[in-house]
Every structure is written in structure tokens, then in C-alpha cells.
Amino acid sequence: MSTQERKQREQAVRERLIVATARELAEQQGWDAVTTRRLAERIEYSQPVLYSHFRGKREIIGAVALQGATEMAAAMRAATSAENDPRARVTALARAYLDFAAHHPAVYDALFQLDGGLTYAQEDTPEPLKDAFAALMESLSEVAGDGVDPGLFTEVFWASLHGLATLTRAGRLLPEYAELRVQLLVDRLAVA
């Protein structure tokens with residue numbers, strides 16, 4: 001292995017460590033607790049080393065978001081792959097989405113609430129974000145209905161899921177209706 005290859009591998013390891021540590025700290029204490037000083041202390045590197053990988057917290061949030069998008073897409077695909085019926089797939093998709101949001105609140109915030117410097121719904125949207133949207137659309141396009149653009153339907157369904165995830169986490173919705181909300185959403189929006 002050349003010196004260049006070794007340095008690149010070490011750099012990738014440090015970047016993964018920074019992202020994993022930021023994510024862990026954010027999940028434990030919230031994103032306000034994630035500072036370059038705290039990260040440097042936790043990973044035992046200097047702040048200049050952090051800045052050699054990420055220009056600041058915004059880029060770290062973006063890296064966590066991209067990692068989270070990949071994980072969310074995998075979770076949704078895993079949940080829907082066992083279902084043969086289109087409506088059952090949509091129900092599984094909704095549950096997987098809401099479960100991911102509930103179990104990974106800091107990652108969910110990085111994806112959809114915080115400024116990670118990422119572009120959404122544009123040509124230059126990073127691939128992990130496009131893939132997460134594609135994971136939604138794979139199941140939702142089957143139930144969009146005649147004459148309804150699958151991408152538009154996916155946006156509306158996604159917005160509904162996001163609203164449920166956000167309001168549930170904020171304690172604004174009664175917990176005993178969680179499953180009924182999923183069924184109502186699927187029953188009213190999914191036409192297949």
C-alpha cells in the first residue's frame with residue numbers, strides 16, 4: 001500500500017469517527033451539544049484536525065444526514081420487501097418511516113430540520129437523499145391513482161408522514177392513536 005493510499009484510508013477512518021461521534025452526542029444530548037470542541041475532546045483529536053475534514057458543524061450535520069438517508073432507505077426497503085400487496089407495502093413503509101424517525105431523532109433532525117448544507121429536490125441533490133425519496137416512491141407509485149403524478153403523490157404522502165413524525169415527537173398527538181393514524185393515512189391516500 002502506498003503512502004497516499006494509507007493517508008486516504010486514515011482520513012476516511014477519522015471522518016467516520018467524527019460523524020459517528022457527532023451522531024452519538026446528538027442522540028444523547030441534542031444537536032446543541034455538538035460542538036467542534038466537544039467532538040475534538042471525545043475523539044481525542046485537535047480542532048484543526050476536525051476542520052481538516054469538515055468546515056464546521058453544518059457540514060457534520062450534512063454528513064450525518066447523508067448517512068441517515070442511506071439507513072432510512074434501507075429500513076423502508078427492508079420493511080416493504082416482505083409484502084406482496086401494494087397497500088400492505090405502503091402500510092409497512094409508513095411504519096418503517098415513523099419508526100426510524102422515533103428511534104433516530106437526531107438523525108431525523110439532521111435530515112429534515114437542520115441546515116446541513118444539502119440541497120433537496122434539485123438536480124444536485126446528493127444521491128443518498130435521492131435514493132431515500134426513491135425508496136418512498138417505489139411503494140407509493142403503485143397507489144397514487146390514475147392520472148396522479150407518482151412524484152407529487154410521494155411528496156404529499158411523505159409530508160403527511162413527516163407531520164406525523166414531528167407532531168408525535170413533540171407530544172402533540174395522542175400516542176394511543178399511532179396505529180390508527182397510519183391506517184387512516186393509507187386508507188385515505190392509497191387507492192390501489
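**Ground rules**

I note that this is a predicted model, where local features need pLDDT of at least 70, side-chain atom pairs count only at pLDDT 80 or more, and totals for chains, interfaces and linings use all residues. Residues are numbered from 1 along each chain as its sequence is written, and side-chain values use heavy atoms, with hydrogens and water left out.

**Entry: the whole chain**

I counted elements. The chain has 9 helices and 0 strands. Read along the sequence, the pattern is α-α-α-α-α-α-α-α-α. I then took the span of the C-alpha trace along its principal axes: about 55 × 40 × 30 Å.

Next came burial. Buried means under 20% relative accessible area, exposed means over 50%, and partly exposed lies in between (1.4 Å probe, protein chains only). Of the 192 residues of the chain, 36% count as buried.

I also looked up the surface. Accessible areas come from the Shrake-Rupley method with a 1.4 Å probe, and for residues only the protein chains shown count as cover. The accessible surface of the chain comes to about 10,700 Å². Carbon and sulfur atoms hold 53% of that surface.

Then contacts, meaning heavy atoms within 4.5 Å.

**Entry: aromatic rings**

A pair of aromatic rings is described by the distance of the centres and the angle of the planes. Rings of Phe, Tyr and Trp (its six-membered ring) pair if their centres lie within 6.5 Å. Planes under 30 degrees apart count as stacked, over 60 as edge-to-face and the rest as tilted. By this rule I get 5 aromatic pairs.

I went back to Tyr108 and Phe112. Their pair is edge-to-face, with 4.9 Å centre to centre and 65° between the planes. Tyr108 is buried, at a relative accessible area of 2%. Phe112 is partly exposed, at 22%.

I then checked Phe153 and Phe157. Their ring centres are 6.0 Å apart and their planes stand at 40°, so this pair is tilted. The two are 4 residues apart in helix H8 (residues 150-169), and are therefore separated by about one helical turn. Phe153 counts as buried because its relative accessibility is 7%. Phe157 is buried too, at 0%.

Which residues form one aromatic cluster? I found Tyr97, Tyr108, Phe112, Phe133 and Trp158.

**Entry: H5 and H7**

I compared helix H5 (residues 86-103) with helix H7 (residues 127-140). Axes are lines fitted to C-alpha atoms, for helices over the stretch in contact, and angles run from 0 to 180 degrees between N-to-C directions. The two axes come within 9 Å and cross at roughly 155°. Angles under 35 degrees count as roughly parallel, over 145 as roughly antiparallel, 65 to 115 as roughly perpendicular and the rest as oblique. H5 and H7 are therefore roughly antiparallel to each other.

From H5, the contact is made by Arg89, Val90, Leu93 and Tyr97. From H7, it is made by Ala135, Leu136, Ser139 and Leu140. I sorted residues by class: Ala, Val, Leu, Ile, Met, Phe, Trp, Tyr, Cys and Pro count as nonpolar, Asp, Glu, Lys and Arg as charged, and the others, Gly among them, as polar. The contact of H5 with H7 has 6 nonpolar, 1 polar and 1 charged residues.

**Entry: two threonines**

Thr91 lies in helix H5. Is Thr91 buried or exposed? It counts as buried, at 9% relative accessibility. Not counting residues up to four places away in sequence, Thr91 touches Val182, Gln183 and Val186.

Thr36 has its place in helix H2. Thr36 is buried, with a relative accessible area of 14%. Leaving aside neighbours within four places in sequence, Thr36 is in contact with Gln47, Leu50 and Tyr51. I also looked up Thr36 against Gly56, 20 residues apart along the chain. Their C-alpha atoms are separated by 7.2 Å.

**Entry: positive phi**

Glu44 has a positive phi of about 60° although it is not a glycine. Glu44 is found in the loop between helix H2 (36-43) and helix H3 (47-53). Glu44 is exposed, at 70% relative accessible area.
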